[in-house]
Structure formats: C-alpha cells, structure tokens
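Reader: I have a multi-chain model open beside its sequence. Could you show me how to read its interfaces, sheets and helices?

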Amino acid sequence: MKKTFTKFALAGLMASTMIGGAAAEETIKVGVLHSLSGTMAISETTLKDAMLMLIEEQNKKGGLLGKKLEAVVVDPASDWPLFAEKARELIEVNEVDAVFGAWTSVSRKSVLPVFEELNSLLFYPVQYEGEESQRNVFYTGAAPNQQAIPAVDYLMNEEGVERWVLAGTDYVYPRTTNKILEAYLKSKGVAEEDIMINYTPFGHSDWQTIVSDIKAFGSAGKKTAVVSTINGDANVPFYKELGNAGIKAEDIPVVAFSVGEEELAGLDTAPLVGHLAAWNYFQSADTDINAEFIEAWHAFIGDEERVTNDPMEAHFIGFNMWVKAVEKAGTTDADAVIDAIVGVSVPNLTGGYSAMMPNHHITKPVLIGEIQEDGQFETVWETSGLVVGDAWSDYLDGSKDLISDWRAPMSCGNFNTATGKCGGSGS
Amino acid sequence: MMSSFLFRAMDARAGIFIAILGAAIVLVPAGNLFVPESSPFHVPTYAVTLMGKYLTYALLALAVDLVWGYCGILSLGHAAFFALGGYAMGMYLMRQIGTRGVYGDPILPDFMVFLNWQELPWYWYGFDMFWFAALMVVLVPGILAFVFGWFAFRSRVTGVYLSIITQALTYALLLAFFRNDMGFGGNNGLTDFKDLLGFDIQADTTRAGLFAASGIALVVCFLICRAITRSKLGKVLVAVRDAESRTRFLGYRVEHYKLFVWTLSAMMAGIAGALYVPQVGIINPGEFAPANSIEVVIWVAVGGRGTLVGAVLGAVLVNFAKTWFTAALPEIWLFALGGLFVVVTLFLPKGIVGTVSQGWTALRQRKISADYEAGSDDPPSAPPHSPAARANITPPKPPAPVPGNAEPQPAE
Amino acid sequence: MSFLKTFLVFLCVAVGLAGPAFAQSDPEALRPLINELAKGKYAETEKQIGALVATGNPAVAPALEALGEGKLFFRKSDGTVFITEKAGKSYLLTDPLTLEAAGEAGKREVKKVKVNNKLRRVIRSALGSLTLMAPDPAVRKSAAEAVFKAQDPASIEALDVALQAETDDGVRTVMEQARAAAVLNSDLDEAEKIKAVDTLSDMGNRDALSLLINLENTSEGVVKEAASLAVAKIEKSIAAWNAAQNIWYGLSLGSVLLLAAIGLAITFGVMGVINMAHGEMVMIGAYTTFVVQELIRTTAPGLFDYSLLIALPLAFLMSGLVGVAIERGVIRWLYGRPLETLLATWGISLILQQAVRSIFGPTNREVGNPDWMSGAFELGQMTITYNRMWIIVFALLVFAGLMLVLKKTPFGLYTRAVTQNRRMAASMGIRTPWIDALTFGLGSGIAGIAGVALSQIDNVSPNLGQGYIIDSFMVVVFGGVGNLWGTLVGAMTLGIVNKFLEPYAGAVLGKIFVLVFIILFIQKRPRGLFALKGRAVEA
Amino acid sequence: MARATSLLYLDGVSVSFDGFKALNELSLTIAPGEMRAIIGPNGAGKTTMMDVITGKTQPDSGEVFFNGAVDLTGEDEASIAELGIGRKFQKPTVFESHTVWDNLELALKAPRGPFATLFHSITESERQRIEELLELIRLGAKRDELAANLSHGQKQWLEIGMLLAQDPKLLLVDEPAAGMTDAETAETAELLKDIAKDHSVVVVEHDMVFVRSLGVKVTVLHEGSVLAEGSLDHVSADERVVEVYLGR
C-alpha cells in the first residue's frame, strides 16, 4: 500500500510518471469504473465483481496475447464529475487498455470527452436512451429499439392493451424512451387521452398518490398497462405499494425496463407474479452456456443466492468481444481494436451469437419475461431473431435521418442521410 | 482608501501563502507544457486538471469560511451558489458548441433538440457572450444570496434554523434543476463542451490556463477575504459571531453585515463553480446535493475554521485524500475517510491550522513570559488575532444546551 | 372463446343441478385431457383449458388452480402432468386428479407448463364459474368477483342459479353485481340493462365506473342516459372521497416522516447533537429486521407473521447499543461544540454505511411483509393498505410511548434535568454521563424501531438512511427544536401539504414547494412551529 | 412630567410572555441629565423594561418616546442605539475574542454601515478617545489583552467603557456592581456619578449600599409596574415597598 501511495503521490502531485509505467510490460490492464459507494453502488458493485470474474477466467485460459490481464478497480462513488476524473486516472496514470464501466447516462456523458481525448476504449453495459454513437465507446446494453418497442408490441398484441401509463424517473433515459414510445403508440392509433405520462424524482419513496392515479386511469373501461422506466431504488417501494394496493398483473400489467433479477432480490415477489420486464437476458435462460456462467458466478462470489442479470451479460459479451478483437488485431492499441472489433461475433448467454455492428451497438435477442414467485423471470415471448441496436431512433424528429458507421471511409457517428453529411441534422 | 484596504491584507503569513500559491501557478503549468514528458519534473495533464479542481474547491471552502468562520453563519447550502456559477459557465460553454453537437443544431443544445424544444428559452439568451456569462457567474448566486439573506437575516433566523433552511434551499434547487422541464438538461446536466473563448477545452494549454486562472482567482479572493477580516468590518463580523445581540446594541445593523459577507461569499462560490466546470467537463444537479455542502463545511473544519489558510488547506487535503483513497482502497475508502473525520474532530478540534498555530502560540507565549520575567511585571498573555488563544479558554465540557430555552447552535 | 363460454354456462347449470353426479364420475377419464396441457404454446393451452372446463367436472379445479399459480409441471420423459411443490433442489409431485403424492423429481426431469397473464385471466374466470356453488362462502365470493371481472354474458344463467341457492347476503350482493356486469355485455333488453346500471350505480366504485363509462360509450338511447347519470353520480362521490384519500396519504407520509424524525428529535432536539448518523440508526433497525426474518425463514417459518414484533425490541437494542457506543466513544468529548458533532457523526455515518455494505453486500435485501401487513381494504371509495395503516398506528404509539418515558419515568426526569442544568443535576447526584449515554441510546433506539417500520415500505439497502436524514432535519426544525409535539405536528403538516400539492404539481414540484414553504415559514417563525417565547429564548 | 420635555417617556407599557405579564401598565419618565436608580425584586420587570426601551422586545401596548418626540416602538436595536441609547447588560457581554482596544474601537461613535467599516482607518482623534477611555476604565495596561482573559470586574468596566465610547444621551446600566468586590463597587459608583455629569443614566441595581452611594431618585418596580418613586429614604419608608422588597 505504501508503494501505491508513493506512486500516486508522485504521479498525481509531484509530477512524475516514471514509476507508473514500470509494471505495464508484464500485464494488460483493464479498468473497472463502477461506483462502489453512493447511490449507484447498489447496482454497480455487482458489475465490478462480474468484471473481476471475467478477467480471472480469462487469465485461467492463459490471458491475452501471452500476457496476464490485470484489473484496475477505482471507485467513482456515484459522483458524476468524479467518473471523468477517475477515467482520466485509469487511462493516464494506470495506463489501462480498455475500461469497462459506467451505469447512469450522466456518468457515461461525463466520461465521453475523456475517452475521446485520450483515445481509449469504454464498454458500456447498460440499456440506455440511444441518440449517441461515439468512436471510443461500445454500447453493449440495449438501445430503445432492443427493449421498449418489442415490449409494447407484446402488450398490444398478446394482452390487448389499449390504454397506457408511461411512468418514469425524470431523467434522460425515461424521457427519451417515453418520447419514442409515445410517437410509436400514436403511430399505432392510440389516442392522446389514452396515454398518461408521469415523472418522479430519483429515489422516490412515497408512491401512494401515483399508484392510486394509475388505478383511476385504469378504470376507464379499456385494458390498461403501465410501462415503467422507473429507475433502480425507487422500484422497490413502487412495487411494494403496487402489491399492497392489489393491482394484479392480470388487471393492470406493469412492464419495466429497469427491473431485473437484482432489483427483485430486494422484494417479496409473490404479489407481483405476472408483471413483466423486457431485457435481452434473463437468469432463467435455459442454455448450457448460461448454466456455466451462473455456476462460475456463484463460485466466484461464494453465494448461491446471488442472481445474474442483463448488464452482467452485457459485460460478458463486451469483454469477450474485446478479447477477440485484441487477438484479431494482435495488439491492444485502441485504433487497431476499434478497427478490428466491428463484425466480431461472440456467444451470448441466451444461446445465440451477438455481433458488434458498425455503429458500435450490438445485436441482441429481445425477451419479455413475467415475474415469478421465486424472484426470477419466465420468458413469455422472444424475438424470432436478433435485433440490431439502433443508435438513432426512427421515431424522433431530430434523429430519424441520422445513421452511424465507424468503418472507413464514413467513420461518422451522426451521418445525416438527408443532407449526405457527417455532423448531425443541421438546420 | 482602497490601497490601504488591500494593503491591510498583506503580512508575513499571507505572504508565505501567496508565494506558495504563486509558485504553483507558475510551476505547474510550466511543468506540464515546457518540461518534456520523459523528464521526472513533467506534470501530467491529469495532475494539472486534478489540482485545478482542488483549487476551485479551495476557493469554495474560502467562501464558506468567510461566512462561517468569521461571521458564524453555518451554511449547509453553499454548494448551491457553486453550482449556479457552474451552470452559468456551463451555459456559455454549451452555446459555444454551436453546430458541433451531435444533432448539429446551431442554436439549440443537444438535449433540447432531443426533447423537441423548438426554440431557446429566454433565460438562455446572452450566454453566447462570455462577458455576459461571466457577469451571470457572480450575479446569479449573488442575487439569490441577497434575496435569501435579505429575508432570513431580517427575520433574524439564526443558528441551526438558518443552517437547515440553507439546506432546504439547495435541496429545492437540486430538485428544480433535476427537472427536464426546467431547460437545464435535467439529470445529465450540461456536458460535451468544446471550447472556451476560442481555446479547445481539451488542449493542454487550456487546461494549464484554467489551472492558472483558478490559482489567480484563489489568490485574489484570498486577499479580499484577508482584507475584509482584518478591517474594522472584520472585527464587527467576529463580534456578530461571538455576541450578535450585543453588536446590535452597539448600533450595528447586524443583518446588513451578514448580508454583505453572505452575498460576497456566494459570489466567490459562484466564481469557484465557474472555474470548476470547464476543468471537470460537466455540470449537473448532483452538485446541488446537500451532502456536497456538508462536505465543504468539513473541509473547512479539518483545515481550521476561522483561518483563511486553513480553509484552503483543508479543501486540498481532504480532496487529495479522497482521490487517493478511491483509487488505492476502492472497496473500503469510506472507512478511511469517515475515520479521518472522527479522528480530526477528536484530536484536532481547532483543525490543522488552528492546532498548529496553537502550538506556535504556546511556544511564543513561553518566550514572551520569559521576556516578561526579565523586565516587566505584567502577566503574559495570548497575542491578539489568534484563534488559538480562544481555544485555551474553552472549558472541557460546558453544559449541553437546554431544551426549549436554548436551541442547539451549530454556529455557536 | 365462444365455445368456452357456452360450455361454461352448461357446466355451471349442470353443476348447479347435478353436481354430485359429475363428481363421482371416473376421474381417470380426464387424465388424457390434463396431460394435453404439457403440449403447445399459449394459444393451445388456452384451448386445452377450455376443453377441460368443458368436461364440467369439478375435479379439474385443482389442476387449473395449480396451473394459474405456476405449479403445474410435466415430466420430460413421458409428458405426464403433476402438481408440484418445490422441496430443496427437487420437486414433490402430486397427482393432479387424485391429489395423492406421486414421488419426487429432479429439477431437470420436469418442466413447467408455461402460463402468462392472459392464461391466468382465463383460468381465473373459469375457476370462478366452477366454484360459484362451492360450500365455503369465501370461495363463492371470490368466484363471484372473478365472474364480475370476466363480464361474460354467458355466465348470467349460472349466476341466476347460484343466486337462487345463495344464503349469504354479502355473497349475494357480489353475485348480483357480477350479474349486472355480465348483463351490460349481453344482448338482453333495455329494462334489464337499466336495472343492471342501477345495481352498478349503487356499487359506486371504480370498477363499476369503468363498466359504466364503457356502456356510456357503446350504448344508445335510454340506456346511455341511465349510464351517463350513474357515471356522473359515481364520479361526484369519488371526487368527494379524493379529499379524504389525500388526507389519508398525507397522514401516512406524515407518519413516515414522524418515525424518521422522532429519534432525531431526541438526539438533536433534546441533546443538541447534530446527528448526521441518525439515518444510519434507522438503517441498522431495518437490517436487524432483515436478519430476524432470515433466521425465522430458516429456523421457524411459522413465526414469520410475528417477525416484526420480534424484530422491534432487537432493533431498539441494536441501534440503541450502537448509539451508546457512539456517545461514549465520540460524542461525549464534544458536548458544547455542537458543530463538531456534525463533523464526527458525518464521519460515523460514512463508516456505518460502508460497514453495512461490507457485511450485507451493496444490494437491496428482501424484508417481507407479514400477512397482517399485506394487502388493502376498501373504506368507501378509499383504498387503505394495511402496511400504511399499521405504520400510522405504530408511529403514534411510538410517539406516545416516548412522551410517557420522558414525562413519567425517573429516567425521563433525569434526562430533562441533565439537559436543562447539567451542573445542578450532577450536584444532586445524577450520574450525568450515563444519562447522556442512555438518552442518546434512546434516540438511536427509536430510530432503530423506525427502521423496522420503514423496512416494510422502502428499500433495505446501505443508502436507506441517506434518504431520510434531510427530511428528518426539516421536520424537527420546522416543528421547533426541542419540542416533541412540534415534531409530531410538523411531520403531519408537511406530509399533508405534500400530498395535497402532489396531484396538482407533480411529485417533484410538490416537494420543491414544500421546501420553499419551509423556508418562508421559518422567516415568519424563526424558531419553528412550537417556539418558546420570552426571555429564556435568548439566554 | 410632560412628554415633550422628557428624555425618556414610558406610558402604560405592557408586555406579556405566554400569558405571564412581565410589564403591566408601566409608566416612567426620565428627564434630560437625570440619573435614576431602579430597584425591585426578581421578576419585577426591570430587564424587560430595558428590553422594551432598547427595542429588543416590542410592547403589547403603551407608548415609549425618546427625546420627547421619537417613538421607539417599532424601531430595532441598532436604530435605537444610533439614536443615543446605550445599554450595559446584567451579565457582562464583551467581545471575548477581541482585544480590549478592539472592543472600544468597535463601540466608538462612528458610521455604522458595512462599507464605512470596511474602508475605515482609525483616525488620530479616535485613537486619542480610546486612550482616554482606557485611562478612565483603568485598562490601559491591558489594551492588547483578549477580553476573554479579563476578570469579571474588568469586564464590567470594559463594558461601561464601551458604553461611553458610544457617547449616548442615555445610558441603561443593568447591575453594574454585580460580582464586584467592595472596593470595585465603590469605584464603580464614583465612575457612574462622573458619567452622570454629562449623560442621563438609568441604573438597575439590587445592591442597596450601591444605590445609596449614588444618592439619586429611586423607582421601585413590582410585578411590572411602578410601586413607588422618590429618594431611597422615602421609598424605604413606604410600607408596600418594605413588604414586597425590603421586608425580609
């Protein structure tokens, strides 16, 4: 520890990087940038553990390019500017070759310029609002078209829902998702008055009024469903209130995009059976590769009760893609990896293969699951094939003409097909 | 008049402090820009930005110390002024992006395009001009502080009541800025800045420049605070801190004095925020979090309340500890940081600077008493202007406040 | 669906007239039909359910029930269907017809018959029709409720039969309502429909409203008019109930605030310690509840309903002991320097959070609601959930208990004496250090039992305390520091104001308004709601 | 005495705290240049009366006039102090973390606004005035001592010095001799008599010896109103006074 301090003090304060480079010859360093304290620790700590497990497994297989992988873990403490600072520290001081991390949109936005400036790699594992494609970032979570729209389709076709409550936490992911959904629903002929949109703050804990509003909205004689983009912590009190208020999935189903196995682990799910979630992976996926993954996870974490979830699978896919791309390029150099990784295809945990697309999003199956009494999801519907992540939504005015392709010669994250130029929609 | 006012700010102690800061302002950017990377004296850009951030925090701590250390107003909401200054700067930087945003809209920032805003809200006008934004950096926090202080001090809200309503203020602002409908980018805040006054914000030269600007702002504000605390006004402030109602009976309008330093302090916090934002590259409502304001108070307490140098030192030390702990002990750093706070409170009750100067005073006192024994029959005493002298007379355990007739006074 | 409806009618009538005869018929004849359930997708399963119901044999009910609950599995090897119960890593099998035990099967040998919401709805209405004549009135009632939700005109005849035989008035009302709901969907004449509208209008709740609005939109003439009238009437009464509902929500939020703040009213209000670790005391209480429930789950599942009662004293002790330790270890050195208590307790709160994160992990832990705290009941047009109700009762009990302790016991007397005049109390022989420690322990312990209650409605995570600390300080300061009544009135006022603002302003703006309200209120009364006047104030 | 010619004029002043009547229809007049002693048992309303005059407490009813024409009700402490009413508290309150010199400098009559003090540099005449006061209150040797380190009696004197530094027309002095040795008490009485030569003074005091040594008109307060007024011998002879106050 003394050595670390000296190293940091020198690098950080006294202007020396001499010692910093010494270890880089023997290992390939991988940065893990997930909050281990603060409000997001609840979700992100698991991902840090998942990364450590993946790196350990890779080392058991002999490492990468003949070198061992070394994880560098830092704690950005759910503090968004600190994410940028820690990203810079990982890249400049620790000289990592790739970073796996971030959860919230704002933490990703905060680190983007750093990765761009220092030309490093970020693998971002969480479902997000889209409307972004950056050369140095790989989006291994779902874009809105890989989660939200299929879920709404399911409810419309299978459950015959005609009236919609779009409830979300007031930040950019729910805002965008709801905007896309609203446009989509209207295009399907749903009337304005059959859509109710509601936003709440982060960590909202008193859901009495909103649940009763939902109940009232649902008593207008049409089949009603709730599309929930409520974030993390606020879900537990929301579902508790829902369960106690006696809103049954058979009457008003709730489909959530941010509720996975991990969130359910904090809940008594008996009253919630039948409520839905849309993801690209469920722990209940009945495949051999998933069984192995779960087994490895339980062994690594030393707890049979710990669940796996979708962002973990995203890291699993992202990490394997990076490993494969590095092997293909024969180097960890960022530019070489960025060129090599497009088109790389690795197994996902639901029995298929996911591929990195030129827009730095990946292909995924979409699964709709119903909550079971044991806190797991049962897949009730899935897409027949893989869905390609769409960086720019077709349902938003500002982005419907935009596409992204990071291969030469286009190499552009926001190419406008209407004007034929790179650089957004212009005006 | 003005020159004597500033002249008052200088003495040996301030001189040393300013010399150290001045050296940093010159050496750090030089070490980054002119020393080759291979040299052991090269300062990495990462370190420049990090230290630049510390300096803005130090300025914020200085602002808090001015109101709390000298006037006894315990603000648990100073991060609000910091964040407002930051937002004013962020809005300028946002407007500078122009067509380089992902949607390429020349006027509207990305988040507005994205949420289908058709035109720029009125309160965004003018922020494309630096002078306007710079003015807003001090005016917005200043006016908010003035209005808030005008009511609160006139109503004689004091002690813990004042502290809690400052907390309510920052919490309310947190929630307000968090709303996407407000037009400040919601939870994501303002980010993806490109350039500042035409300089690329990611260039090493700009970073070095920002570091130097933060350092200079800190020196200037330090001198202003120093001049204030050493003027008669400073004496009135301490009088207000120690015996507010007595000061009133002497004919001083306590509320005016409070309002003056409070507003000034808010403006300094705003400047700190404005310098902070381009260096970290993002401003979002998280900066308004009440916990941030509490942390600032802790920096000041660790460094030494009522000593301007202490506030600066405390801010830099605690943040350095945080940077180091979060990287070296990512899993358990909260134990270390929490433990640090407890230990400092228990063993360094006057903060680092307070304790050091207490020791210094004790030494001097011994010397003085030796002198007295030699030639004078007056008893030795603590020299004036020394917070440590007060420490000597603090009884080890005075009675706890009484319910009902004396509410707890965090501001003492 | 339509053939299912026809058969349902047939079945219900048949059961009503000659149920026993069917019950005695050979159950084995049903087995192939039941085993069919193992095959095909949801659409097929729906048909198979229809076929089962079409047999009219009540013996299929257990299998359908199990299917609805997700307990119906089939053996992969031969496709036989069983009702299962999970036992460790394997399943206990039960024959779906004879209900006799049929051995065990490993996890990988059996597979669940999949159901989704739609199937559950079909099963619910099928079971409803099947059990309208059940001997148990409670079952009949829930059957009638299920039929009400199905609104299937085909069930009218069955309901008529059941109504004739019905003896229980409560069940009869529900059946009539179910019949009315079905009538609206049928092609019966206007007179029948208007009668149904009347029944629903009397029912007067949101379910009835929903049906009537639908009718209003689809019907014509007299029926439409009657429906409009009824809708207007129900909407009026619902609007009136809304005010009551808001007050209830406000009280409920207020009681949560009270619970969170009341411990702080002691450590901060009475003792003057700016206790930033207060939230973590609440957190410790919640985690104690979690540990108690885990132990009960593994050792004595039967006691689960009493888990909260067992957790209460333990949470009080745990948080109280931690509180005493903090007081003895840190705070006692800081009396008279309240500000420094802020600094030290902030440090302690960081340590406690991280400690919990290290011990229990960073994720949410599950704390279950015991039966008596689950669900809701209707009071007029208000839905009152049991957990909220008990929390209000509990908050008031805690408040009353605390008042008693402080006013009527020697300990309370000593506490007041010490906090009012330490030197005098000490010279009268009171051990002031112990009183300090115990008072701080009391405040912390109360925070702990608040944690037990809050674990019922909120996350049990290391962040639990952080969510309440600011609100708690607001409540104590708003009410007037050092005054417990102020804390009570303050909490309830803020709760109710918040809940009346929320429907108009939304949750975020509502909260902002409440904060601004507090700021303005403090201008008006700089020492909170229940401030003391006079000379003593400035002392 | 008529309001117009008085320096301080209280008529029918009442104040109550939570039902307790601290002042009850109190009427009192002080002439310019007069020195008056006010006595009364605990809870008689002496301090509350001071609070009302100095603006700390607003009366529920009644009139308070200064200089015959200035209505003091509704004014705050600072403006009343600026009008020329100085107050010394029962418990000596000086600024403990300031030196004796700074305490006097703060009290010295000078513009009181924040900007005036910010750019204030001490003038020669101010310096002289402070020197004079230091002489008068006999703290010359302790000018650089922190006020916190003074003895109780020295603090009382410092506070009187601060009062003089304000140069008020009327001085309200609350128990100046409390906690003093006999010698100090005698000196204090002399000092006050000195001051009374060119100021009006109202002294609240318990110590009868002290009051006698002042040799001025005495007002006896009881339960918030005036019980008797006159020379000390005159009021001592009043049976009601003896009963409530001296009759132990």
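This is a predicted model: local features need pLDDT of at least 70, side-chain atom pairs count only at pLDDT 80 or more; totals for chains, interfaces and linings use all residues.

Reader: Where should I start with the chains, and which pair shares the most contacts?

Author: Start with who touches whom. Five pairs of chains are in contact, and chains B and C share the most contacts among them. Chain A and chain D have no contact, and their closest C-alpha atoms lie 38 Å apart.

Reader: How many residues take part where chain B meets chain C?

Author: On chain B there are 50, in contact with 52 residues of chain C. Elements of chain B that give two or more residues to that side are α6 (130–154), α7, α12 (290–303) and α14. The most comes from α7(B), with 12 residues. Sorted by class, this side of chain B has 36 nonpolar, nine polar and five charged residues.

Reader: And what does chain B present to chain A?

Author: Here 46 residues of chain B are in contact with 49 residues of chain A. At least two residues each are supplied by α3 (45–69), α5 (110–114), α7 (159–178), α13 (308–328) and α14 (333–347) of chain B. The largest share, five residues, belongs to α13(B). The classes on this side of chain B are 23 nonpolar, 19 polar and four charged.

Reader: Now sheets. What is the general idea behind pairing?

Author: Strands in a sheet pair through backbone hydrogen bonds, and the pairing is either parallel or antiparallel. For a case, look at chain A, where seven strands make an open sheet with mixed pairing, in the order β7-β6-β8-β9-β10-β14-β15.

Reader: Which strands of that sheet stand at the edges?

Author: They are β7 (195–200) and β15 (377–382) of chain A; each has a single partner strand, so one side of each is left without a neighbour in the sheet. From one strand to the next, the twist averages 25 degrees.

Reader: How do I read one pair, say β6 and β7 of chain A?

Author: Look at direction and bridges together. Strand β6 (residues 163–169) of chain A runs parallel to β7(A), and six bridges join them. Within this pair, A:V165 stands opposite A:M196 of β7(A). A helix packs on the sheet too: α5 (residues 148–159) of chain A touches β8 (224–229), β9 (254–256), β10 (276–279), β14 (367–371) and β15 of chain A. The direction of this helix makes about 165 degrees with that of β8(A).

Reader: Where can I see antiparallel pairing?

Author: Go to chain D. Strands β1 (residues 8–17) and β4 (residues 61–66) of chain D run antiparallel and are joined by five bridges. One bridge pairs D:D11 with D:E63 in β4(D). β4(D) also pairs with strand β5 (residues 70–71) of chain D, in the antiparallel sense and over two bridges. There, D:F66 has D:V70 of β5(D) as its bridge partner. The hairpin of β4(D) and β5(D) has three residues between the strands, and D:N67 takes a positive phi near 60 degrees.

Reader: What about chain D as a whole: how many helices and strands does it have?

Author: Chain D has 10 helices and 10 strands. Its radius of gyration is 18 Å, close to the 18 Å that the globule rule gives for 248 residues, so chain D is as compact as a globular protein of that length. Along the principal axes, its C-alpha atoms fill a box of roughly 55 × 40 × 35 Å. Of its 248 residues, 47% count as buried. Among contacts in chain D with a separation of 6 or more, 66% come from residues 24 or more positions apart.

Reader: How do I check a helix, and what covers its buried residues?

Author: Helix α10 (residues 206–218) of chain C has 13 residues, which at 1.5 Å a residue should span 18 Å; its end C-alpha atoms are 18 Å apart, which agrees. Its buried residues include C:L209, C:L212 and C:E216. Their cover includes α8 (169–185), α9 (190–203) and α11 (221–270) of chain C.

Conventions: Residues are numbered from 1 along each chain as its sequence is written. Chains are lettered from A and ligands numbered from 1 in the order in which they are written. Helices (H or I, at least four residues) and strands (E, at least two) are DSSP runs, numbered from the N terminus. The radius of gyration is taken over C-alpha atoms; the globule rule is 2.2 Å times the number of residues to the power 0.38. A residue is buried if 20 or more other C-beta atoms lie within 10 Å of its own, exposed if 12 or fewer, and partly exposed in between; C-beta atoms are placed from the backbone. Two residues are in contact if their C-beta atoms, placed from the backbone, lie within 7 Å. The expected span of a helix is 1.5 Å times one less than its number of residues. Ala, Val, Leu, Ile, Met, Phe, Trp, Tyr, Cys and Pro count as nonpolar, Asp, Glu, Lys and Arg as charged, and the others, Gly among them, as polar. Two strands pair if DSSP finds at least two bridges between them. Axes are lines fitted to C-alpha atoms, for helices over the stretch in contact, and angles run from 0 to 180 degrees between N-to-C directions.
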